[in-house]
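Have a look at the structure first.

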Amino acid sequence: MSRAPAPHEAISPVHVLALVRGLVEEAAEPHADRYRYFKSLFGTELHEAAAIRCGLVEHASGNLRATPAGLDLFERHLRHLPDMAANYWHDQPHVADAVTEINRTYDQATTESPTA
């Protein structure tokens, strides 16, 4: 059975980061748009699934919210990113480390609970 593709193989891990950042900011300011940094042509569904698989986001009361791991990632890597679309974050400090971290987490989650 083949494993599910990692975010870096199927989608943009930077957009997974954008979703996490948007959810954390939306929780702090309910008028914020969780997708404000998310300008991906591939849509949100695959990125949300990857964030859930990485343990950064969870369903709660019919909605998505950042988990403690997502909050930790936000504090360490995402808090000080510029207020622009994630497509422009690639050269920002902390982004490479955050992308490496979520790719590793995704690969570990996929190995521990493979999908069909």
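The angles run from 0 to 180 degrees between N-to-C directions, and the axes are lines fitted to C-alpha atoms, for helices over the stretch in contact. Helices (H or I, at least four residues) and strands (E, at least two) are DSSP runs, numbered from the N terminus. Please keep in mind that this is a predicted model, in which local features need pLDDT of at least 70 and side-chain atom pairs count only at pLDDT 80 or more, while totals for chains, interfaces and linings use all residues. Residues are numbered from 1 along each chain as its sequence is written, and side-chain values use heavy atoms, with hydrogens and water left out.

Start with H2 and H4, whose axes come within 10 Å and cross at roughly 105°. The two helices are therefore roughly perpendicular to each other. On the H2 side, Leu-17, Val-20, Arg-21, Val-24 and Glu-25 make the contact (heavy atoms within 4.5 Å); H4 brings Gly-70, Leu-71, Leu-73, Phe-74 and Leu-78. By class, this contact has seven nonpolar, one polar and two charged residues, where Ala, Val, Leu, Ile, Met, Phe, Trp, Tyr, Cys and Pro count as nonpolar, Asp, Glu, Lys and Arg as charged, and the others, Gly among them, as polar.

H2 also packs against H5, at an angle of about 95° and with the axes 9 Å apart. H2 and H5 are therefore roughly perpendicular to each other. Here Pro-13, Val-14, Val-16 and Leu-17 of H2 meet Val-95, Ala-98, Val-99, Ile-102 and Asn-103 of H5. These residues divide into eight nonpolar, one polar and no charged.

What lies inside? Leaving aside neighbours within four places in sequence, the contacts of Trp-89 include Val-14, Leu-17, Tyr-37 and Val-95.

Finally, find Thr-110 in helix H5. Thr-110 is buried, with a relative accessible area of 2%; buried means under 20%, exposed over 50%, and partly exposed in between (1.4 Å probe, protein chains only).

Technical notes: Parallel < 35°, antiparallel > 145°, perpendicular 65-115°, else oblique.
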